[in-house]
Amino acid sequence: MRRHAEGLIILSGATPGRGWSRPVPLLDVARGAAAEVEDYQRVVVEPMSGQRLAGAVVGDVIHLIAELIENATVYSPAHTSVIVRGEGTARGFAFEVEDRGFGMEPEELADYNERLASPPEFDLADSDRLGLFVVSRLAARHDIRVTLRGSPYGGTTAIVLIPEEHVAEPEPEAPAIAVQKEPAARPMRVVRSD
């Protein structure tokens, strides 16, 4: 319900209230998005590199990925999984949301990709595509590229390319603290007094 309400806020041109001030690991972003989906039990989030997402865009990217995951669960059979994976690229970071559903015709994919590349004005007659409008608006807001393509499993894969200016390197590991060994115990000398 919160995500739906935030979607309406986004479509009105405003910015939702939640936000982060520090970078968040991209794996946590994917997990957060999966947690926002009603059918979250079907979502498999694969391990990812330790790169982080700039705090200012975390809320919007979680929402964007959640909309794509929700779409994947709705348009694929209930016994199948939705796979979320991600990896660094030469120009940022790419998430993939892959379903094992029925897929789309090439013309339909082209139409959706066109709408994602240049967000159309929201039309109440298209309210069944509310998620698509939200994804395209969020992507345009942060110069994120979203592309749909056929999956080798017959379903659809959504690819989300996040530009490098929003991606930070993994948090540096804390230097190992040298553990000092306790000095060897000196043998005890017993002194007797007569």
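1. pLDDT is the predictor's confidence in each residue, on a scale from 0 to 100. What we have is a predicted model, and its protein chain averages a pLDDT of 83, with 73% of the residues scoring at least 70. Among the elements of the chain, the lowest mean pLDDT, 51, belongs to helix 1 (residues 2-11), whereas the highest, 97, belongs to strand 2. Where pLDDT is low, the predicted coordinates should not be read in detail.

2. The sheet is open and consists of five strands in the order 2-4-5-7-6, with mixed pairing. Strand 2 and strand 6 (145-150) stand at its edges, and because each has a single partner strand, one side of each is left without a neighbour in the sheet. Averaged over the sheet, and with direction ignored, neighbouring strands are turned by 20° against each other.

3. Both kinds of pairing can be followed through strand 4. On one side, strand 4 (residues 82-89) runs parallel to strand 2 (residues 43-45), and three bridges join the two; within this pairing, V43 has V82 as its bridge partner, while V45 stands opposite V84. Strand 4 is also joined to strand 5 (residues 92-98), here by seven bridges and in antiparallel fashion, with I83 standing opposite E98. Strand 4 and strand 5 form a hairpin, and two residues lie between them.

4. Helix 3 (residues 55-74) lies across strand 2, strand 4, strand 5, strand 6 and strand 7 (156-163), and runs at about 25° to strand 5. Helix 4 (residues 106-117) also packs on the sheet, where it touches strand 6 and strand 7, and its direction makes about 175° with that of strand 6.

5. Which residues of helix 4 are buried? They are L109, Y112, N113 and L116, and since these cover an arc of only 100° around the axis, they fall on the same side of helix 4.

6. I would look again at D143, which is found in the loop between helix 5 (130-141) and strand 6. D143 has a positive phi of about 60° although it is not a glycine. As a reminder, most residues other than glycine have a negative phi. Is D143 buried or exposed? With exposed meaning over 50% relative accessible area, D143 counts as exposed because its relative accessibility is 55%.

7. T89 has its place in strand 4 and is partly exposed, with a relative accessible area of 35%. Once its neighbours within four places in sequence are left aside, T89 is in contact with A94 and L161. T89 can also be set against P163: the two are 74 residues apart in sequence, and their C-alpha atoms are 9.3 Å apart in space.

Methods: Residues are numbered from 1 along each chain as its sequence is written. This is a predicted model: local features need pLDDT of at least 70, side-chain atom pairs count only at pLDDT 80 or more; totals for chains, interfaces and linings use all residues. Side-chain values use heavy atoms; hydrogens and water are left out. Two strands pair if DSSP finds at least two bridges between them. Helices (H or I, at least four residues) and strands (E, at least two) are DSSP runs, numbered from the N terminus. Axes are lines fitted to C-alpha atoms, for helices over the stretch in contact, and angles run from 0 to 180 degrees between N-to-C directions. Contact means heavy atoms within 4.5 Å. Buried means under 20% relative accessible area, exposed over 50%, partly exposed in between (1.4 Å probe, protein chains only). The arc is that of the directions from the helix axis to the C-beta atoms.
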